[in-house]
Every structure is written in structure tokens, then in C-alpha cells.
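Me: I would like to go through this structure by asking what lies behind each description. Please set the values against the cut-offs.

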Amino acid sequence: MGEGAKPENERRDERPVKEARRQFRAIKGTRDILPPDSALWNWFEKTARGVMESYNFAEIRLPIFEKTELFARSIGGDTDVVSKEMYTFKDQLDLDEVIDTDAKEGGHPTAESILSGEEVSPQWRNILDTRISLRPEATASVVRAYIEHGMQMLPGNAKLYYIGPMFRRERPQKGRYRQFYQIGAEVLGTSDAPAIDAELIQMLTDLLERCQIEKYTLLINSIGCAACRPKYVELLRAELRKPEIFSKLGADSQRRVETNPLRVMDSKLPEEQAIIEKLPKISEHLCEECRTHYEKLKRELTLREVPFTESPRLVRGLDYYMRTTFEITSPILGAQNALCGGGRYDGLVEMLGGPKGIKGIGFALGEDRFIDAIVEAHKIHATRPLDIFIAWMGERAYPTAVRLAHVLRDEKHRVELPAGEMKFRKALERADKLGARYVLIIGDDEIASDMLTIKRLSDGVQEKISEEALVDFFRPPALAKEGPGS
Ligand code: AMP
């Protein structure tokens, strides 16, 4: 410490008051999921896992970030997701990678010279410029993992599901976040049998049923393949270029006539709807193979008693989709009414450097929106069940309270043991506020008589039991588990 310098603790006290009181808030478009809502999320995830595992899907856990190029190549550089919405940053220099490459390249330049900012060759610039992005979706990662781990060698199709956060810099609003959560499933393998598509869709409708969401619409379409889609796109473009049509389109759609006319079909602009209705439909311009595939899909859905609506406007914004596309919307959701979307992407594995002939289909559902729909459907409520509150009074009671809390927790009950002694009335009030079903009372009387007191809060009924009878007392039906979060 130099002359006149103050000791560390005094300097800290002089920080401006404003800074010391600074409060942080969650970043725009992100949010905390608090109890009791988190119990509903857990219930939903457990239910979704159960449904997907019953269809023999297995979980894949993926990284949250990948090379930007992976998303750019698989999703398409001209999509909003890639061009505007990704959280992309330059990775910090990875010294190990540099030294490794350095050795291979004959020792030039050195890691030190790069770190010191000297001019480097374009090849080295590539390493330094490695850009990574937070994942905006997970299909690209699943396909990357499929290729990386040679999963085509596994018997049958790879049937994988994932659960986790995705990141897109969209304009936040109800049902649209910058960090949102998706559950998705993918089937990768050599077969593109329509039964695979139908089973995947049936899995979703099973999940909707388990969540008791009755108001929804399943929309399906076929968007053809590399053989028939380009011809349709040209036909569509020619139609859209007609002056009487072109002049009625908004600026975005006018631009898309040249860049990606399929996306005009996606438009939500009210003044364009009448025009879109009259445009040629892709399902009427499919090649023989695609038409057969689509017809079989519809038969397979009917066989499974899955009701569907055909929607010629369902084109999906992503380049790698082909043939089957589908979406499930729910009128109970408001403006952001898409619960999930999916489709076939037979060319993606090869496009990302994988083996030829591997087909794929998948979906992603928005967890945030599913939860809203569950709450809206009023069938399941978020709860935070507490089984037993232990009201202990007096030092002599405390060791018994600690021991019994452990015994009851071993039995998988939710038990709240106050860390400090509470007056009896206060303890009962607290138990009530926490929604406890029972209060286990342990005071001087209980210790002296070797008998515990149990109070049921729903009706105030109180009874005495011995410690030996305690575990049996709380076995179902007294504490039957029910509802989400249990
Ligand atoms: P996509 O990957 O765009 O096909 O989206 C699949 C599903 O994820 C949608 O149907 C929505 O339910 C959900 N989703 C997409 N973007 C968001 C977002 N920004 N916020 C909340 N949910 C979203």
C-alpha cells in the first residue's frame, strides 16, 4: 500500500451509493420460471418424455452453441433466423487449437505472435475468425451429432428427442421470447416411409391429449422435392410477377417474388390474403413420387384416427424441408398460435457432409406456448404441494424433529422443517400459507408422552400417534400423489 492509500475496506465504503444499490433485471426477451410454474414445466417435460419414450425415442443432449456455419448452412443464409436473429460471437482464441495447427503448418506463425496482434495469413485469420452462435433450433445439431457419431451404423432408424433452450433475437411479446424452450424429435435413417411421418405426428397428438388440450388444428402439406418444387416455384414467380398481382403486394412480398416466392405464401398481411388464396397450390404440382407419398401420409393419419386439415400455405421458411410439412396451432393461444412445427428434410444429412441416402423428419414444439395452452385449457393448475410441515417447539423437541424430517423425506414426502423455533400459532399460520396438507407437532408434551400429534389442515382434525406408526400413517391414501409437480 502506497503513502496515503486507504486500506481496502475503507475504499470499498466510498463507492458511490448509486452503484452499490444497482439492481439487475433479466435481459429483454428472457424470463425466470418461478415456482409454482416450474412444477408445471417439470410435469410437462416428464409427460413429454413418457410419450416419446413410449414411441421408442431416446434423449440426445446437445451443446447450446455450435459453429455459426452449421446453422447458416442447414437453416439457410437468407432466412430471418440466420440473417437477423442469431446470437453470434467470435470465440476467444483457443490456444490449444492454435498450437496444434501451428505444429502441422510448420511452426509459423507462433501462438504468441498471433496473440500479440501481428498480421497473419488468411488461413490463420480463419481460425481466429471462428464464429459461434447460440442455437436458434436444434435439428442442425442433431444432424451434426448423427454424422459425427456415425449413427447410420445403428440398427434401424435413429429416433432422438431433445429438450432445452433456444435463442433468437425476435421482437419479444406474449408467447415469443429471445430465450425460449423447445422439445423436439427427429427420425433419421434410410427410409422415408409415410408411416414414419404419421407416427411422429401421432406422437404429438398423444401429447396434446395427455395435456388435455382439446382445441387445436393439425395442418399438413407437401412441399415437393428437388425434382418438382423448382418448377412450381417458377410457376408461382410468374404468377406473382403479373402486374395486377405484383402491385397489390406489400414491399416484403414484392422482394420475395425474386428471392424466395414460396415465402409469400407465409405472409400474414391482411391485404395479401385474398391474393394468396388464388395462387397455384404446390400440392397440385407435385411429381408422381411426392404425390404418392402425400396420399399415403393422409391414409396413415386416417388409419391412426388423427384428424388433419390440408393447408397449401404451409411452406415453412427453411431451405431443407421437403415433402411433408406440418404445424399444430391452437386458437386458445392468441397471436402466437403455433404450438409446434415440423417436416421432412431428406437432403440435410448429405448437405452437412454425412452419408448419402439418409432421410430425416422432425418437429419442434414450443414449451412456453404448450404451458400457456395447458394453463389456458384450465385442466391442470400449477401447484406447489407440501406434504408435511413440522412444527417443533423447545430444544428437547428439536433432535426428534430433525430425525423425523429425514425419515419422512426418505419416504419421498415433501417436508418443511423450520430452521428456527416458531411459536405454535405462527407455525400453523406458516404451514397454512405454504399449502401444507399436514402439520406434525412436536412439543414438550409429545416428548414427555412419547406420542406425536398430527393435524390435517383441510379440516383441522387432530390425532395422536406413536413414532412407530408415523411412516405408515403418511403412506397413501393419506398422501396420495396427484397432479403436476408430484
Ligand atoms: P420453429 O423452429 O420456428 O419451427 O418453431 C417451432 C415452435 O417453437 C413454434 O411452433 C413455437 O411453438 C416455438 N417458438 C418458435 N420461436 C419461438 C419464440 N421466439 N418464443 C417462443 N416460442 C417459439
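Me: By class, how many nonpolar, polar and charged residues does the shell around the ligand have?

Reply: This is a predicted model. Its shell around the ligand has seven nonpolar, four polar and six charged residues. Of the 17 residues around the ligand, those that come nearest are Phe180, Ala338, Gly341, Ala364 and Gly366.

Me: Which elements each supply at least two residues of that shell, and which gives the most?

Reply: Strand S6 (179-189), strand S10 (338-344), strand S11 (359-366) and helix H17 (367-376) each supply at least two. S10 gives the most, with four residues.

Me: Why is Met151 called buried?

Reply: Met151 has 21 other C-beta atoms within 10 Å. A residue counts as buried at 20 or more, so Met151 is buried. Its place is in the loop between helix H9 (139-148) and strand S5 (158-167).

Me: What is Met151 in contact with, leaving aside its neighbours within four places in sequence?

Reply: Met151 is in contact with Tyr146, Ala158 and Leu188. Contact here requires C-beta atoms within 7 Å. The C-alpha atoms of Met151 and Leu188 are 8.9 Å apart, and the two are 37 residues apart in sequence.

Me: What makes Ser191 exposed or buried?

Reply: Ser191 has 12 other C-beta atoms within 10 Å. The cut-off for exposed is 12 or fewer, so Ser191 is exposed. Ser191 is found in the loop between S6 and H10.

Me: What does Ser191 touch, not counting residues up to four places away in sequence?

Reply: Ser191 touches Asn157, Ile196 and Lys359.

Me: Why is H4 called roughly perpendicular to H9?

Reply: The axes of H4 and H9 cross at roughly 105° and come within 9 Å. Angles of 65 to 115 degrees count as roughly perpendicular, and that makes H4 roughly perpendicular to H9. In this pair, Leu70, Phe71, Ser74 and Ile75 in H4 meet Ala140, Val143 and Arg144 in H9. By class, the contact has five nonpolar, one polar and one charged residues.

Me: Which residues make the contact of H10 with H15?

Reply: Pro194, Ala195, Asp197, Ala198 and Ile201 of H10 make the contact with His293, Lys296, Leu297, Glu300 and Leu301 of H15. By class, six residues are nonpolar, one is polar and three are charged.

Me: At what angle do the axes of H3 and H10 cross?

Reply: The axes of helix H3 (residues 37-54) and H10 cross at roughly 140° and come within 10 Å. H3 passes H10 in a right-handed crossing. The contact is made by Thr47, Ala48, Val51 and Met52 of H3 and Met203, Asp206, Leu207 and Arg210 of H10. These residues divide into five nonpolar, one polar and two charged.

Me: What does the secondary structure of the protein come to, and what share of its residues is buried?

Reply: The secondary structure comes to 21 helices and 16 strands. Buried residues make up 31% of the 486 residues. Among contacts with a separation of 6 or more, 73% join residues 24 or more positions apart.

Definitions and conventions
Residues are numbered from 1 along each chain as its sequence is written. This is a predicted model: local features need pLDDT of at least 70, side-chain atom pairs count only at pLDDT 80 or more; totals for chains, interfaces and linings use all residues. Two residues are in contact if their C-beta atoms, placed from the backbone, lie within 7 Å. Ala, Val, Leu, Ile, Met, Phe, Trp, Tyr, Cys and Pro count as nonpolar, Asp, Glu, Lys and Arg as charged, and the others, Gly among them, as polar. A residue is near a molecule or strand if its C-beta atom, placed from the backbone, lies within 6 Å of it. Axes are lines fitted to C-alpha atoms, for helices over the stretch in contact, and angles run from 0 to 180 degrees between N-to-C directions. A crossing is left-handed if the near helix is turned anticlockwise from the far one by less than a right angle, and right-handed if clockwise. Angles under 35 degrees count as roughly parallel, over 145 as roughly antiparallel, 65 to 115 as roughly perpendicular and the rest as oblique.
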